[in-house]
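Hello,

Here is the structure I promised to pass on. Please open it first, then read my notes below.

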Amino acid sequence: MATFLYRLGRFAFRRRHFVALFWVALLTLAGVAAASAPAAGSTSFSIPGTEAQKAFDLLDQRFPGSSSDGATARVVFKAPAGEKMTDAGNKATVEKTVKELADGSEVTSVADPFTSNAVSKDGTVAYASVRYEVSGMELKDASREALEAAGHDAQKAGLTVEIGGDALQSGAEPGAAGEVVGLAIAAVVLVITLGSLVAAGLPLLTAIIGVGIGVSTITTLAKTLDLGDTTSTLALMIGLAVGIDYALFIVSRYRGELAEGRSREEAVGRATGTAGSAVVFAGLTVVIALAGLSVVGVPMLTKMGLAAAGTVLVAVLIALTMIPAMLGYAGRRVRAAGEKKRGKGARAGAGAGAASVAAAASLAGVTPAAGAASGAGGASGEGSASGGGATSGAGLARPGLATRWASFVTRRPAAVLLLGVVGLGTIAVPATQLELGLPDDGSQPTSTTQRRAYDLLSDGFGPGFNGPLMIVVDAKNSDDPKAAAAKVGDDIKGLKDVATVTPAMFNKAGDTATITVIPSSKPSSVQTEDLVHAIRDKGVEVKADTDAKVLVTGTTAMNIDFSQKLNDALIPYLGLVVGLAFLLLIAVFRSILVPLKAALGFLLSVLAALGAVVAVFQWGWLGGLLGVEQTGPIMSMMPIFMVGVVFGLAMDYEVFLVTRMREAYVHGETPGQAIVTGFRHSARVVAAAAVIMMAVFGGFITSSESMIKMIGFGLAIAVFFDAFVVRMAIVPAVLALLGRRAWWLPKWLDRALPNVDVEGEGLKDMADGGPRDTDADEDRELVRA
């Protein structure tokens with residue numbers, strides 16, 4: 001692997017014009033295709049295999065043309081103070097609005113509130129029900145605009161008009177301002193880490209190109225593959241984060257290779273061979289985690305995972321090819337690690353010796369003390385791909401922060417491990433109270449018309465009115481369908497938390513009926529979920545007595561089934577993703593215990609992150625700081641999606657940090673020394689990468705879409721826990737306690753596994769002219785370019 005990537009990096013460096021032109025052309029083609037692609041609207045939503053979906057499918061068969069899964073809207077009217085909706089003037093205004101609504105192109109029916117008993121008992125609130133022929137996710141923008149405009153005349157007449165229902169739902173809009181702030185923070189971190197604007201700009205440029213290709217491709221295929229706006233938003237979020245990080249690791253390693261005196265082409269090859277190998281395997285773990293979402297069996301989630309995985313794959317390919325090409329263009333503007341900008345007269349003699357010491361000290365993770373630069377110059381940093389060697393003048397240098405921290409952890413591993421595990425365990429406690437559900441209008445901000453309509457209906461008709469249950473009675477095999485439907489209605493009336501049960505309505509064939517049940521509690525409550533299960537239990541009894549099938553559906557039941565399906569899929573998903581990644585990491589680290597430790601550390605991170613999400617979005621702790629106006633159940637897909645993404649990112653940090661430790665260990669250092677060496681070379685860059693990911697994910701917290709806000713917060717806090725607690729503290733503590741046992745691998749397994757050579761051991765055999773005068777080499781490169 002390292003040898004192949006070494007050659008690939010050098011090829012991209014030498015043929016930089018071709019490589020750059022290829023990626024720019026691909027971006028242009030993807031952009032043109034996206035611009036000319038037909039508008040896709042939003043993706044359809046279905047949950048195969050659930051009872052609610054089976055009921056919808058049955059209704060489409062038995063009630064043809066009814067659009068059972070079509071979008072619905074409720075236009076809610078409230079009379080001015082001291083008036084009633086039944087007053088002549090108010091009634092005429094509502095009837096005019098109903099007529100306007102019925103003229104919509106996708107509208108199948110509009111129920112007049114005065115003929116459908118849709119006026120509250122006190123007469124102050126009424127609503128008109130609107131049904132469409134397509135789902136809310138497929139509704140045209142023109143239909144939404146017509147719905148919003150229909151109530152304007154009623155508002156002018158003095159009525160309060162609010163609109164609820166799924167007809168107004170639209171694609172997720174990420175917080176644009178937050179994204180800009182996130183990228184700005186990433187840019188600052190890159191400048192600090194890489195030491196120059198040019199070096200910092202390379203990861204940003206390549207990440208934006210990669211995300212542009214990925215998102216444009218998604219937009220192009222959106223109509224064909226039924227992809228929604230949320231799909232491209234999540235691909236953008238993850239693609240930006242990993243694209244910047246992968247490029248950062250290669251550029252950082254390149255600067256370290258330059259500090260050893262290698263030519264720029266050789267440094268690019270070795271950086272791509274070593275750090276690039278880590279990028280490949282880190283990217284593979286992310287792709288496995290995202291593509292693994294397919295096992296859940298929800299088409300929408302499968303598409304989101306595969307689209308994001310494709311964007312990550314593009315980010316890996318760009319990091320391996322375009323970064324080496326861009327480094328070729330940058331030339332001397334990307335300096336060696338630890339090298340300061342120098343004048344032309346300081347390139348030889350004593351200046352060269354001082355620069356050599358400074359470069360070696362920086363590579364070894366130490367800060368030169370006063371007078372250190374005047375010592376003898378020269379050797380390469382320990383644990384590099386080219387072998388060992390001590391830094392000359394090391395006795396005059398003081399250790400850097402990463403070295404001091406790693407040394408502390410290796411001296412006190414048990415205490416650090418205990419503190420880290422207890423701390424994350426405490427934060428994870430709220431996760432035991434996790435409640436899952438899908439958002440309804442009651443979770444919207446109070447500034448939205450959906451939320452105000454929700455509140456008006458709750459006040460006028462009761463909290464359960466916003467989440468009616470539809471009972472489908474399939475009496476095709478029953479001797480007396482009407483008697484069976486009547487029994488179902490009577491049985492449901494006797495259940496707890498039932499407010500209203502409507503009479504059964506049969507289809508033309510008389511073999512299928514629908515019954516509407518209004519719960520006493522709000523749609524997202526535990527009581528309503530218990531009622532759905534109770535009705536289904538009654539259905540089993542009805543089936544035994546009458547041969548009639550009873551199915552519960554509707555938006556509320558669909559949400560409950562969706563949450564249950566995701567819960568049931570979580571363990572198989574974890575088993576698949578963790579199992580595949582475990583096997584992959586065994587090949588990378590040539591160890592059993594290191595991958596096992598990596599997986600257990602990930603579980604700590606994700607549980608702590610779920611605990612934080614519950615505390616903020618379900619309990620409301622610090623919710624005001626994040627703009628959380630309404631607490632409630634956690635988004636059903638949040639845990640499984642966060643597990644997938646966080647696992648991939650956690651393995652990123654594991655690969656980047658531990659491969660440098662493995663590299664040092666393979667080159668002859670003791671386990672304790674290898675831990676310190678790994679931190680010298682990688683801790684600063686891993687920390688910078690984590691801050692960048694947190695900034696990018698944190699930018700999405702400003703989104704008005706609750707799912708995007710929640711995922712942005714969850715991923716940002718998970719990256720913090722995993723990078724700074726698990727990988728920076730728990731991992732070195734565990735490795736220090738295990739010692740040489742950490743790198744144990746049965747001999748038979750060692751022989752069976754392929755040699756992926758992430759450490760770059762094979763690069764020793766590559767032709768290397770040895771240390772060269774990089775400044776003279778630069779001059780030749782510039783002339784040649």
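Take the contacts between residues at least 6 apart in sequence: 79% of them join residues at least 24 apart. Please keep in mind that this is a predicted model. The chain has 785 residues, and 54% of them count as buried. It holds 25 helices and 13 strands.

**Helix pairs**

Start with α21, residues 638–666, and α22, residues 671–699. Their axes lie 7 Å apart, and the packing angle is about 160°. That angle is over 145°, so α21 counts as roughly antiparallel to α22. The two helices cross in a right-handed sense. Their contact is made up of 17 nonpolar, 4 polar and 2 charged residues.

Helix α21 has another partner to look at. This is α10, which covers residues 264–291. The axes of α10 and α21 come within 8 Å and cross at roughly 160°. Because of that angle, α10 is roughly antiparallel to α21. The crossing is right-handed. On the α10 side, the residues that meet α21 include Ala275, Ala278, Ala282 and Gly283. On the α21 side, they include Gly644, Phe647, Gly648 and Met651. Asp652 of α21 also takes part in this contact. By class, the contact of α10 with α21 has 13 nonpolar, 5 polar and 1 charged residues.

Now go to the start of the chain. Helix α1 spans residues 2–14, and α11 spans residues 299–330. They pack at about 45°, with axes 7 Å apart. The crossing of α1 with α11 is right-handed. From α1 come Leu5, Leu8, Gly9, Ala12 and Phe13. They meet Leu320, Thr321, Pro324, Ala325, Leu327 and Gly328 in α11. This contact has 8 nonpolar and 3 polar residues, and no charged ones.

**Serine 605**

Look next at helix α19, residues 593–618, where serine 605 sits. Is serine 605 buried or exposed? Serine 605 is buried, because its relative accessible area is 0%. Its side chain makes a polar contact of 2.7 Å with the side chain of aspartate 722. Leaving out residues up to four places away in sequence, serine 605 touches Ala718, Phe721, Asp722 and Val726.

**Two positive phi values**

Aspartate 547 is not a glycine, yet its phi is positive, at about 65°. Aspartate 547 lies in the loop between α17 (526–546) and β12 (549–553). Its relative accessibility is 41%, so aspartate 547 counts as partly exposed.

The other is arginine 590. Its phi is near 50°, again a positive value in a residue other than glycine. Arginine 590 lies in the loop between α18 (555–589) and α19. How does burial come out for arginine 590? Arginine 590 is buried, because its relative accessible area is 12% and the cut-off is under 20%.

**Pairs apart in sequence**

Which residue of α2 is worth a look here? Leucine 26 is found in that helix, which runs over residues 16–36. Leucine 26 is partly exposed, with a relative accessible area of 31%. Glycine 212 is 186 residues away from leucine 26 along the chain. The C-alpha atoms of leucine 26 and glycine 212 are separated by 9.8 Å.

Glycine 489 gives another such pair. Glycine 489 belongs to α16, residues 481–493. Glycine 489 is buried, with a relative accessible area of 9%. Threonine 516 comes 27 residues away from glycine 489 in sequence. From C-alpha to C-alpha, the two are 9.3 Å apart. Setting aside neighbours within four places in sequence, glycine 489 is in contact with Val501 and Ile515.

**Where to begin**

Then turn to serine 605 and aspartate 722, whose side chains are joined by the polar contact.

Best wishes

Definitions and conventions. Residues numbered from 1 in each chain as written. Predicted model: local features only at pLDDT ≥ 70, side-chain atom pairs only at ≥ 80, totals over all residues. Heavy atoms only, no water. Axes fitted to C-alpha atoms, helices over the stretch in contact; angles between N-to-C directions. Helix = DSSP H or I, 4+ residues; strand = E, 2+ residues; numbered from the N terminus. Parallel < 35°, antiparallel > 145°, perpendicular 65-115°, else oblique. Left-handed = near helix turned anticlockwise from the far one by under 90°. Nonpolar A, V, L, I, M, F, W, Y, C, P; charged D, E, K, R; others polar. Buried < 20%, exposed > 50% of the residue type's maximum accessible area, 1.4 Å probe, protein only. Polar contact = N/O pair within 3.5 Å; in protein donor to acceptor, adjacent residues only side chain to side chain. Contact = heavy atoms within 4.5 Å.
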